[in-house]
Amino acid sequence: MRHMDTAKRYGCEEKLGEAIRESGIPRSELWLTNKLWPGDYGYKAAKKACLDSCSQMGVEYFDLYLMHWPGSMRPGCSNRELRAETWRALEELYKEGVCRAIGVSNFLVHHLQQLKEDCSIVPHVNQVEYHPFQQPNHLMEYCHQEGIVFEGYSPLAKGQALNDPTVLQIAEKYRRTPAQICIRWSIQVFGFQLEEVDMAALGGLHDNRHVTWDPTNVE
Ligand SMILES: NC(=O)c1ccc[n+]([C@@H]2O[C@H](COP(=O)([O-])OP(=O)(O)OC[C@H]3O[C@@H](n4cnc5c(N)ncnc54)[C@H](OP(=O)(O)O)[C@@H]3O)[C@@H](O)[C@H]2O)c1
């Protein structure tokens with residue numbers, strides 16, 4: 001399975017579509033995640049944007065489609081109402097099979113709680129910044145309890161974790177690269193296991209730093 005995680009915002013849908021066709025890999029062997037940008041929030045705009053993204057990439061469906069950000073980025077507009085209206089469009093796209101799974105990104109607990117009150121389908125996924133410096137444990141617990149898959153992004157903290165003395169020390173101990181240690185800490189794969197003491201040392205690096213964007217003040 002090949003996993004591509006893109007977004008309309010990244011501006012590369014057409015090129016990715018070309019690459020997919022050139023690869024000759026059957027669509028069924030690809031996992032394509034795409035994201036809806038806040039400029040396209042709203043019922044009609046969201047539906048149109050998703051279908052446009054499909055045609056840009058030359059595909060008939062997305063395996064996962066996410067609302068990219070909890071804020072509407074429109075002054076004077078109720079974020080909560082626009083999120084709910086947008087989510088209803090995603091629910092329909094899901095029922096129509098255009099999106100095999102639907103989710104959100106950068107949503108905090110209060111955004112998820114509001115969506116639960118306002119809509120009927122619980123997001124399948126919440127994609128959130130996650131690395132040793134950014135460990136939103138309460139949000140993770142909430143997602144787990146609500147049956148929402150917690151998907152971490154920026155596992156290397158955009159490279160910032162790779163020079164951290166604790167990460168370097170543990171990498172030396174296991175004879176692995178700092179990047180492997182960070183990813184191993186996140187998901188426990190790679191055929192080696194970090195001892196509890198090292199998991200705890202990495203767990204202690206949380207300083208609430210965001211290396212991308214911070215949704216804390218989004219109502
Ligand atoms: N939903 C959202 O709002 C959101 C936001 C940000 C990212 N994401 C998702 O997260 C994914 C990747 O995020 P990210 O780029 O921030 O990830 P990251 O893994 O934290 O950072 C990648 C950076 O680390 C550097 N790096 C150094 N050593 C590396 C190594 N051994 N292996 C890989 N990278 C190394 C790379 O530098 P070089 O480029 O110089 O190689 C690159 O700049 C994307 O699929 C994206 O869709 C989502």
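## Pockets and a helix pair

Helix H5 makes the greatest contribution to the lining of the largest pocket, supplying 3 residues. The model is a predicted one, and in it H5 spans residues 137-146 and is joined by strand S5 (125-129) as an element that supplies at least two residues of that lining. In total 18 residues line the largest pocket, and those that lie nearest its centre are Leu-108, Gln-134, Pro-136, Asn-208 and His-210.

For the second largest pocket, the lining includes Tyr-130, Met-140, Phe-150 and Ile-183. Two or more residues of this lining come from each of strand S6 (149-153) and helix H7 (178-187), and S6 has the largest share, with 4 residues.

| Pocket | Volume | Lining by class |
|---|---|---|
| Largest pocket | about 270 Å³ | 7 nonpolar, 9 polar and 2 charged residues |
| Second largest pocket | about 230 Å³ | 7 nonpolar, 2 polar and 1 charged residues |

Turning to the helices, two packed helices are described by the angle between their axes and the distance between the axes. The axes of helix H1 (residues 13-23) and helix H2 (residues 43-57) come within 7 Å and cross at roughly 45 degrees, which makes H1 oblique to H2. On the H1 side the contact is formed by Glu-13, Glu-14, Leu-16, Gly-17, Ile-20 and Arg-21, which meet Ser-53, Gln-56 and Met-57 of H2; sorted by class, this contact has 3 nonpolar, 3 polar and 3 charged residues.

Notes. Residues are numbered from 1 along each chain as its sequence is written. This is a predicted model: local features need pLDDT of at least 70, side-chain atom pairs count only at pLDDT 80 or more; totals for chains, interfaces and linings use all residues. Side-chain values use heavy atoms; hydrogens and water are left out. Axes are lines fitted to C-alpha atoms, for helices over the stretch in contact, and angles run from 0 to 180 degrees between N-to-C directions. Angles under 35 degrees count as roughly parallel, over 145 as roughly antiparallel, 65 to 115 as roughly perpendicular and the rest as oblique. Contact means heavy atoms within 4.5 Å. Ala, Val, Leu, Ile, Met, Phe, Trp, Tyr, Cys and Pro count as nonpolar, Asp, Glu, Lys and Arg as charged, and the others, Gly among them, as polar. On a 1 Å grid over the protein atoms alone, a cavity is a set of points where a 1.4 Å probe fits but cannot get out, and a pocket is an open set with protein on both sides within 12 Å along at least five of seven lines; lining residues have an atom within 4 Å of a point. Grid points are joined across faces, edges and corners, and a volume is the space filled by probe spheres set on the points.
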